[in-house]
Amino acid sequence: MKLHRITALLVRHLYLYRRSLPRIMEIFYWPFLDLVIWGFITLYLARYQSQVPGFVTFFLGALILWDMLFRSQQGITIAFLEELWARNLMNLFASPLKPSEFLTATMAMSVMKVTVVSIVMAGSALLFYSYNILIVGVWLMPFVLNLVITGWIIGVFTTSLIMRFGQEAEVLAWSMVFLFQPISCVFYPMEVLPTWLQMIAWVNPAAHIFEGMRTVLSGGASPLGNLAWAVCLNGAFLVVVVAWFYRTVAYCKEHGLLVRVGE
Amino acid sequence: MAIPVLKASALTKRFGDFVAVNEVSFEIRPGEILGLLGPNGAGKTTTIQMLLGLVTPTAGSIHMFGLDLSTHREEILQQVNFSSTYISMPQALTVEENLCVVARLYGISDRARRVNDIIKKLEMEEFRSKITRKLSSGQMTRLTLAKAFLTEPRILFLDEPTASLDPDIADKIRSLLKEEQRASGLSILYTSHNMREMEEMSDRIIFLQRGRIVAEGTAREIIDRFGKADLEEVFLKFAREQRQAS
């Protein structure tokens, strides 16, 4: 073993961190998220232990629905990354392809991914835990559709960032969606959050869907109110994020970034 | 005189304080091969990227087939294609799959026939089912050229298309390009660092230096104007001047 060769490799990695904010952020990002999410779950269980009927039902349902949102986001972002890794972006953007067509194709891809993943997850839950996701009833479809759209919103937002900041920002493809997890109230109700965070969670469409899911599973009132908020917020954010994608494409063309994004 | 298929007027691109392309104006006539020459950093690639709509010009205009690129992007790019040593194609797809995707992208109706024809024309039969990741650099170049020819463009931008090829394949590619140009009246904008190739291929040459056109004409006219023995000597003169200036 030669120390200089080990140091050479160490230095090679430290050079990366010296100039890369996303890489430095990633060191703190996951432990911080773990702490936040598990902290709120603990609070929820401690506070409502006796009032939560079959919280395994809540958790499994929430996990399956969260994964749909995650796959929907991945469907968009990974489709873009595949083109970036293949150095194929120039071929696409120098063709008659419009940004709207590019987005539509990636959204269609994400729907296909979500469909396959949903079948696998629902089937596995039934097989291993005798848990049937269909207990959510007629609300399941509108819930899933809204989560897919929220996934698109996060996916298009992340794709725009990667397009703008290049391969350095690639890590966002996997990490960005988890930034939304604590405020999506996947595994705990919104009221567990501190008041200031509740206000942020309230404008997150996914939080209304998970609130609605808990309402249905606890045999409570109709989740129509939650659903209405989710639809309105999703609609508004989708328009904003698509406009932002167009703006990013224009910015990248202006600054010559589109041809350098894979470097 | 024939109406130009491409007209660039006072094309300028600035990146902050750096002027990559400075008021460049030129035309390409139908069936013409125009060579774009210049040392590294002269603005050739930026010019091509602007012509492909990948980079927005700071000033100036681009017209192709009488249409303005800034307002008729889709119609223009449907009739244009490019090939470059510096691009690739999806690595996990086979050669044939990649060409099928391109055919769909450009809305080609008789896809299977067109893909077959181009594979035969570029002698790619033996590796048509090969995964793109496993292609040699020569095979990869042929694939990107096949992609460019497949859509039957009216203008082709070729950025150092023979850079990674052995002399035999490079010669075949040049013959093919000439043949296509004669058969279909294709117009080509061609860049290369191989001066002999540029002399052989180009009907007319534009020399770029620090983003400006410094010479324009046939290879013979340019060589005579600067009193040099060949195009390579003219290139060296401009390259050294550019290096000294920077």
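**Helix packing and the A–B interface**

The axes of helix 5 of chain A and helix 10 (residues 224-254) of chain A come within 10 Å and cross at roughly 125°. This is a predicted model, in which local features need pLDDT of at least 70, side-chain atom pairs count only at pLDDT 80 or more, and totals for chains, interfaces and linings use all residues. Residues are numbered from 1 along each chain as its sequence is written, chains are lettered from A and ligands numbered from 1 in the order in which they are written, and side-chain values use heavy atoms, with hydrogens and water left out.

A word on terms. Helices are DSSP runs (H or I, at least four residues), numbered from the N terminus. Axes are lines fitted to C-alpha atoms over the stretch in contact, and angles run from 0 to 180 degrees between N-to-C directions.

Helix 5 of chain A and helix 10 of chain A are therefore oblique to each other (under 35 degrees is roughly parallel, over 145 roughly antiparallel, 65 to 115 roughly perpendicular, and the rest oblique). Their crossing is right-handed, that is, the near helix is turned clockwise from the far one by less than a right angle. In contact (heavy atoms within 4.5 Å) are Pro99(A), Ser100(A), Phe102(A), Leu103(A) and Met107(A) of helix 5 of chain A with Leu238(A), Val242(A), Phe245(A) and Tyr246(A) of helix 10 of chain A.

Helix 5 (residues 99-129) of chain A also packs with helix 6 (residues 140-165) of chain A, at an angle of about 130° and with the axes 11 Å apart. The crossing of helix 5 of chain A and helix 6 of chain A is right-handed. On the side of helix 6 of chain A, the contact is made by Val148(A), Trp152(A) and Val156(A).

Which way does helix 3 of chain B cross helix 4 of chain B, left-handed or right-handed? The crossing of helix 3 of chain B and helix 4 of chain B is right-handed.

I turn to the interface. Chain A and chain B bury about 2,000 Å² between them, 56% of it on carbon and sulfur atoms (accessible area, 1.4 Å probe, lost on being put together and summed over both). In chain A, Asn91(A), Pro96(A) and Lys253(A) lose the most area to chain B, together 30% of what that side buries. The contact takes 19 residues from chain A and 22 residues from chain B.

Two salt bridges are found across this interface (a side-chain nitrogen of Lys or Arg within 4 Å of a carboxyl oxygen of Asp or Glu). Glu254(A) and Lys13(B) form a salt bridge through their side chains, at 3.8 Å from N to O.

Conventions:
Helix = DSSP H or I, 4+ residues; strand = E, 2+ residues; numbered from the N terminus. Buried area = accessible area lost by both parts, 1.4 Å probe.
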